[in-house]
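Welcome! Here is a short briefing on salt bridges and a surface patch, to read with the model open beside you.

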Amino acid sequence: MTYARARLWLGIGGVGLMVILSTVALFLNWPTQVFGSFTPSLAPDLQGLLWIVALYAAIHIPLDYIGGYWLPCHYSRQCLMFSFFASQYIRGLLVQALFLMLSGLVLLQVGRLGGRPAVLGLLLLVMLVMIEGQDWLARVVAGLRVSGSESVNGQQVVLVSGMDAGFAGGLAGLPGRERHIVPSLWQRVLPKGVLDLEVQRRSAALKTGSRLRGLALAILFNLSGFYLSSLLPSAGVTTLPELFTTALGFTLWSFLGLLILPTLSRRGVFELDQFARANGMSDTNFALTVRELDQLQDDEPSRTLGVETVFHPVPNVESRIARFRSGLHTTGAWNAARYALYLSWPCLGFLNRAVHCNSGRPELWVMLPVD
């Protein structure tokens, strides 16, 4: 079994576990049974959220150990000293736990004052703030460091250094305020010109509107899922049992997103590839770029159609090269699937770091891998 396939099975197991637990908890009405006696006030809310977040963390610890430490070491990918892994992991775990607890507390207070409309407005505001501050939050969660900035292919890029070779950066910031985030590792290890070509592709995400479509789809998907989940029996936004029930329902909604959003994300990748082709990128340079970047991530240049369709929002290398050479144009929503996972934090979804690409890898919890 390859490293990429082992990670895939870990992701299937992690997501499956969360989905099963959420389904059982909803069916047996655990939120009401466990927290039904809690009075709707600050201290009981805080206590209950602490238990929920602690349970979420405890369930994830073995999965994160396997994905963040054991698998990379076993497959000789990037075996860090355990103390480095543990310190970074604990930092990320605590920051996310604090984020979830604060989100839950604020949602409950706003829900009691203004009901579902006020909560949905708050979630929209928080998601917009998360988009604007995505690179900052990534540094807080994982200890990433800004190592400099420079002009690449006419674009100003921010160079970020960390320990995970799979960190791919991306585009951070609200539309019109985008910042190119690039791993400083790419400067050192990639052949000359590859970095320029990748920045050119990501600029295409802005010019084609594909990133905007990806963000809009992710926000709409999360807001609609949270609203529908809040309408489930015993769900709502005014008491802790109601909010916990809503969160469990939203987790199942996020699972649905893992099945349908990757298709639009893959189309977004193909859209950028064709834009780059139309603007002069050669077959040779394109193939070199995608192969080099794939090797830094999971190193899986080809996959079966079924595996790719269900589990991968980024197309495999060989299919991208073939599609690039065909010249066939498509329109998609760049990174929609992984934007939705990142922006699910304030909705209290429990799948955002259970997927195969970022399980146990705090540097990829906020900025999940992009093409």
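Buried means under 20% relative accessible area, exposed over 50%, and partly exposed in between, with a 1.4 Å probe and protein chains only. This is a predicted model, where local features need pLDDT of at least 70, side-chain atom pairs count only at pLDDT 80 or more, and totals for chains, interfaces and linings use all residues. Residues are numbered from 1 along each chain as its sequence is written, and side-chain values use heavy atoms, leaving out hydrogens and water.

**Salt bridges**

- The structure holds 20 salt bridges, each a side-chain nitrogen of Lys or Arg within 4 Å of a carboxyl oxygen of Asp or Glu.
- Asp273 and Arg320 meet through their side chains in one of them, at 3.0 Å from N to O.
- This pair links distant parts of the chain, 47 residues apart: Asp273 is in helix α9 (residues 240–278) and Arg320 in helix α12 (residues 317–326).
- Helices (H or I, at least four residues) and strands (E, at least two) are DSSP runs, numbered from the N terminus.
- Both Asp273 and Arg320 are buried.
- Asp273 and Arg320 also belong to a salt-bridge network with Glu198, Arg201, Arg202 and Asp371.

**A second pair**

- Glu132 forms a salt bridge with Arg177, their closest N and O atoms being 2.9 Å apart.
- Glu132 lies in helix α4 (residues 82–132) and Arg177 in the loop between β3 (170–172) and β4 (179–183), so the pair ties together parts 45 residues apart in sequence.
- Glu132 is buried, at 18% relative accessible area, whereas Arg177 counts as exposed, at 52%.

**Helix α1**

- Helix α1 has 25 residues, and Asn29, with a positive phi near 55°, follows α1.

Note on methods
The expected span of a helix is 1.5 Å times one less than its number of residues.
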